Amino acid sequence: MSRRLGEPAGVPIGLASNAPAGIVQLEWCAAFNGPARVSVHALKYDGERRLVKPLSELMAARWRAASVGGDILVPVPVHAAKRRQRGFDQAELLARAVGAELGMPMLYALQRAAKTSAQHSLGRTERAINVAAAFGVVPRYASEVRGSWIVLVDDVVTTGATLAGCARALYEAGAFAVSALTLARER
């Protein structure tokens, strides 16, 4: 899963180069297959929180090697019902640990304003519609978001619809720029 650590920033030749709408830089560590898929599923669905440390170390190493900027890490939030069901938010766990590795603050600045369908069962267009207005900035953090370069943190990016929805909410709150860092990317 560390193969991309030595690669230059951006998208390798052969992959679609367009970042999700509103995302100025998207970085990830591995393709979403093999060990990356097993790790994400073990963390997310089996509650294997001991994976947070090694996964966040990989993510921090990739960001250290390839980032072009960022002030604050913001996890992509799960809906409150999903958080209660799992007992945690995997993106928040990863963002806290990545922040500790990079010496960057983590702010839980986004909330899911609406419960959405599980993205994994939807196509590209349906995913975009599903999360179009799903995210909002937590009012008490609006002043910290305003003028900041936000780095969204999530476990995996597939179509980018979720990241685009988060970016939209952050820009509406006055963010200067929005980048994203994930463990894996679906090809």
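Predicted model: local features only at pLDDT ≥ 70, side-chain atom pairs only at ≥ 80, totals over all residues.
**View 1. The whole chain, element by element.**
Start by getting your bearings: the protein chain holds 7 helices and 6 strands. Of the 187 residues in the chain, 52% are buried. Among contacts with a separation of 6 or more, 80% are between residues 24 or more positions apart. The accessible surface amounts to about 8700 Å², and carbon and sulfur atoms contribute 53% of that.

**View 2. Gly-10 and its surroundings.**
Look for Gly-10 in the segment before strand S1, which covers residues 26-31. Gly-10 has a relative accessibility of 23%, so it counts as partly exposed. Although Glu-27 is 17 residues away along the chain, its C-alpha atom is 6.6 Å from that of Gly-10. Setting aside residues up to four places away in sequence, Gly-10 touches Glu-27, together with Arg-4, Trp-28 and Arg-62.

**View 3. Asp-155 in strand S5.**
Now follow strand S5, residues 149-157, until you find Asp-155. Is this residue buried or exposed? Asp-155 counts as buried because its relative accessibility is 3%, and the cut-off for buried is under 20%. The side chain of Asp-155 makes a polar contact of 3.4 Å with the side chain of Gln-90. Beyond its neighbours within four places in sequence, Asp-155 is in contact with several residues, including Val-40, Lys-44 and Leu-94. Thr-182, Leu-183 and Ala-184 are also in contact with Asp-155.

Terms used:
Residues numbered from 1 in each chain as written. Heavy atoms only, no water. Helix = DSSP H or I, 4+ residues; strand = E, 2+ residues; numbered from the N terminus. Buried < 20%, exposed > 50% of the residue type's maximum accessible area, 1.4 Å probe, protein only. Contact = heavy atoms within 4.5 Å. Areas by Shrake-Rupley, 256 points an atom, 1.4 Å probe, with all protein chains shown as cover. Polar contact = N/O pair within 3.5 Å; in protein donor to acceptor, adjacent residues only side chain to side chain.
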